[in-house]
Amino acid sequence: MSVFQFRLDGSSGVPPYLQLVQQVRQALLLGYLRSGDQLPTVKEVVASLAINPNTVVKAYRQLEHEGMVSARPGQGTFITASVEPVAPGPYARLRRSLEQWVRDAYAAGLDDETVTAMFATIHNDLRAEGVA
């Protein structure tokens with residue numbers, strides 16, 4: 001069984017297949033997945049998430065269309081994209097800082113939707129200012 005595990009958030013409003021695609025993109029950027037790594041089989045994903053196999057197939061096809069993976073008949077689906085991951089030092093420091101911010105937000109009584117909205121708003125404001 002593969003080491004990489006998918007998660008689904010039923011309350012996110014994002015279609016399940018797109019959540020799978022986004023998780024592979026994010027895992028590549030953060031260095032959790034690298035070229036040559038194998039994704040879980042459709043059967044493994046279906047068993048762990050209790051979703052329709054067509055959902056997983058759709059996600060894997062999207063990833064293949066985007067050039068991130070390649071399906072090898074009888075062997076599985078493998079990462080083919082090569083992305084330079086975030087440097088580990090700054091990543092760890094920033095992750096701890098963001099983790100603390102999220103913990104503080106939840107402790108202040110904010111819900112998931114509000115935390116996501118705050119992050120998105122701040123991110124968009126910074127992009128508008130040319131910072132991001």
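How far apart in helix H4 are Glu 99 and Arg 95? Being four residues apart, they are separated by about one helical turn. We will visit that pair soon, after a word on what is on your screen.

This is a predicted model, in which local features need pLDDT of at least 70 and side-chain atom pairs count only at pLDDT 80 or more, while totals for chains, interfaces and linings use all residues. Residues are numbered from 1 along each chain as its sequence is written, and side-chain values use heavy atoms, with hydrogens and water left out.

**Stop one: helix H4**

Select Arg 95, Glu 99 and Arg 103. Glu 99 and Arg 95 form a salt bridge at 3.0 Å, N to O (a side-chain nitrogen of Lys or Arg within 4 Å of a carboxyl oxygen of Asp or Glu). Arg 103 also bridges to Glu 99, with the closest N and O atoms 3.9 Å apart. Through shared partners, Arg 95, Glu 99 and Arg 103 join into one network. Arg 103 is exposed at 52% relative accessible area, whereas Glu 99 is partly exposed at 32% (buried means under 20%, exposed over 50%, partly exposed in between, with a 1.4 Å probe and protein chains only).

**Stop two: Glu 66 and Arg 25**

The whole structure holds three salt bridges. Select Glu 66 and Arg 25 to see one of them, at 2.6 Å, N to O. Glu 66 lies in the loop between H3 and strand E1 (69-72) and Arg 25 in helix H1, so the pair ties together parts that are 41 residues apart in sequence. Helices (H or I, at least four residues) and strands (E, at least two) are DSSP runs, numbered from the N terminus.

**Stop three: helix H1**

Now colour H1 (16-29). Its buried residues include Leu 20, Val 24 and Leu 28. The buried residues of H1 pack against helix H2 (42-49), helix H3 (53-65) and strand E2 (76-79), where contact means heavy atoms within 4.5 Å.

**Last stop: the largest pocket**

Its space is about 2,000 Å³. A pocket is an open set of points on a 1 Å grid over the protein atoms alone, where a 1.4 Å probe fits, with protein on both sides within 12 Å along at least five of seven lines; lining residues have an atom within 4 Å of a point. Of the 35 lining residues, Arg 7, Gln 26, Leu 98, Thr 116 and Phe 119 are the closest to the centre.

Note on methods:
Points joined across faces, edges and corners; volume = space filled by probe spheres on them.
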